[in-house]
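Subject: Structure handover

Hello,

Here is the structure I promised you. Please open it and keep it beside this email as you read.

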Amino acid sequence: MADAIMTEAKEKMQKAAENLQRELGQIRAGRANASLLDRVMVTYYGVPTPVNQMASITIPEARVLMITPFDKSTIQDIEKAILTSDVGITPANDGNVIRLVIPQLTEDRRKELAKEVKKEAENSKIAVRNIRRDAMDSYKKQQKDGDITEDDLRGLEKDVQKLTDDSIKQLDAIAAEKEKELLEV
């Protein structure tokens with residue numbers, strides 16, 4: 001039972017790290033990144049479909065995303081979906097491919113995005129601390145019910161705290177990497 005709580009806490013903390021990675025991937029860093037289009041949905045035969053399932057997305061240059069539709073007849077739909085999305089980049093359509101040129105970031109915008117990265121990282125840390133609290137509460141309940149001893153409780157709490165510290169280090173590393181990417185000129 002105690003192992004199940006620890007395993008669940010570990011899985012949830014890992015998911016928090018993966019979520020942070022995904023959220024930070026959405027932040028434009030002045031260079032092309034295919035994850036920028038992850039949330040763009042194209043209406044294809046009446047069904048919202050992700051762009052990456054309808055086209056190949058390549059990065060021919062550092063600041064250019066090239067979208068090549070598998071079905072050329074969908075190019076207008078893809079272009080329209082990008083225009084109406086929150087990507088904030090106007091697509092260039094030449095009839096065969098769509099190019100997205102990522103603009104160079106200003107120093108102020110870089111600092112603004114770095115603050116956003118810190119905010120996202122802090123939200124993920126809060127989620128990890130909540131997972132820790134839930135695990136600790138579960139262990140305390142087990143101790144109260146007589147399922148585990150007080151010594152077991154102390155040992156398990158130490159384990160949960162170590163897991164939490166490791167997860168927060170991982171979140172900090174993910175955020176630091178993104179900040180470094182943003183602040184590079």
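Start with the lining of the second largest pocket: Gln21, Arg22, Leu24, Gly25, Asn33, Ser35, Ile174, Glu177, Lys178 and Glu181. A pocket is an open set of points on a 1 Å grid over the protein atoms alone, where a 1.4 Å probe fits, with protein on both sides within 12 Å along at least five of seven lines; lining residues have an atom within 4 Å of a point.

This is a predicted model: local features need pLDDT of at least 70, side-chain atom pairs count only at pLDDT 80 or more, and totals for chains, interfaces and linings use all residues. Residues are numbered from 1 along each chain as its sequence is written, and side-chain values use heavy atoms, without hydrogens and water.

Back to the pocket. Helices α1 (2-25) and α4 (150-183) each give at least two residues to its lining. Helices are DSSP runs (H or I, at least four residues), strands likewise (E, at least two), numbered from the N terminus.

Last, Tyr45. Tyr45 sits in the loop between β1 (41-44) and β2 (47-50). Its phi is positive, about 55 degrees, although Tyr45 is not a glycine. Most residues other than glycine have a negative phi.

Best wishes
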